[in-house]
Amino acid sequence: MAAIPLKILAISGSLRKSSFNSAALETAAEIAGERAEFTFANLAGIPLYDQDLRDLGVPEAVETLQQQVLEADAILFSTPEYNYSVSGVLKNAIDWLSRVDPQPFADKPVAVMSASMSALGGARAQYDLRRILIYLDAHFVNRPEVMISFAHKKFDENGALTDGDTRKFIGNLVQALDQWARRIRVTN
């Protein structure tokens with residue numbers, strides 16, 4: 001008997017149309033096939049966090065993202081590295097979600113990968129994202145770690161991943177997230 005497909009929310013830390021991180025998430029969805037149902041978050045409409053704005057209510061774009069996180073069985077992030085850390089757009093979205101009730105990341109299985117044109121592949125951004133989400137009680141897949149270095153050489157002009165090893169690493173991460181999410185679901 002086949003397992004029920006896992007509902008994965010894919011969150012890219014980049015708004016750029018031809019983002020390597022968004023392309024990596026598309027690759028993850030392709031690799032997962034029927035084992036998972038991917039939904040792709042859109043962070044573009046989330047305003048900059050401002051407590052005065054929050055005091056007026058939660059913006060619709062934030063409510064949408066909150067609902068997506070709550071409904072997902074697991075979250076898969078892919079983040080670029082900006083100035084040795086996560087992108088401002090990703091941090092801003094997380095800041096908004098940290099101030100809503102119910103807190104959507106609590107007990108949520110999470111995996112993270114990164115893509116960068118640098119040799120480190122966004123490693124520092126991943127570690128910062130992990131630190132941020134630990135505070136919100138997310139439960140991370142620890143291995144494998146997927147850091148796509150020299151991303152501009154591994155994706156073609158259409159955003160298709162052309163590197164076989166990277167495809168394998170992403171597939172291993174999606175499989176680990178699937179197993180982790182099902183394990184957490186059983187214990188909760």
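**Close-ups of helix packing and salt bridges**

**View 1. A salt bridge joins E30 and R167, whose closest N and O atoms sit 3.1 Å apart.** A salt bridge here is a side-chain nitrogen of Lys or Arg within 4 Å of a carboxyl oxygen of Asp or Glu. This is a predicted model, where local features need pLDDT of at least 70, side-chain atom pairs count only at pLDDT 80 or more, and totals for chains, interfaces and linings use all residues. Residues are numbered from 1 along each chain as its sequence is written, and side-chain values use heavy atoms, with hydrogens and water left out. The pair ties together distant parts of the chain: E30 belongs to helix α1 (residues 20-32) and R167 to helix α6 (residues 164-187), 137 residues apart. Helices are DSSP runs of H or I with at least four residues, strands are runs of E with at least two, and both are numbered from the N terminus. E30 counts as exposed at 53% relative accessibility, while R167 is partly exposed at 28%. The cut-offs are under 20% relative accessible area for buried, over 50% for exposed and in between for partly exposed (1.4 Å probe, protein chains only).

**View 2. D178 and R182 pair up within helix α6.** Their side chains meet in a salt bridge, 2.9 Å from N to O. The two are 4 residues apart, so about one helical turn separates them. D178 is buried, with a relative accessible area of 16%. In the structure as a whole, a search turns up 5 salt bridges.

View 3. K91 is partly exposed, at 31% relative accessible area.

**View 4. Helices α3 (residues 60-71) and α4 (residues 88-97) cross at roughly 80°.** Their axes, lines fitted to C-alpha atoms over the stretch in contact, come within 10 Å. Angles run from 0 to 180 degrees between N-to-C directions. The helices are therefore roughly perpendicular, a label covering 65 to 115 degrees. V62, L65, Q66 and V69 of α3 touch A93, W96 and L97 of α4, with contact meaning heavy atoms within 4.5 Å.

**View 5. The buried residues of α4 are L90, N92, A93, I94, W96 and L97.** Elements covering them include β1 (6-12), α2 (51-56), α3, β3 (74-79) and α5 (123-135).

Note on methods:
Parallel < 35°, antiparallel > 145°, perpendicular 65-115°, else oblique.
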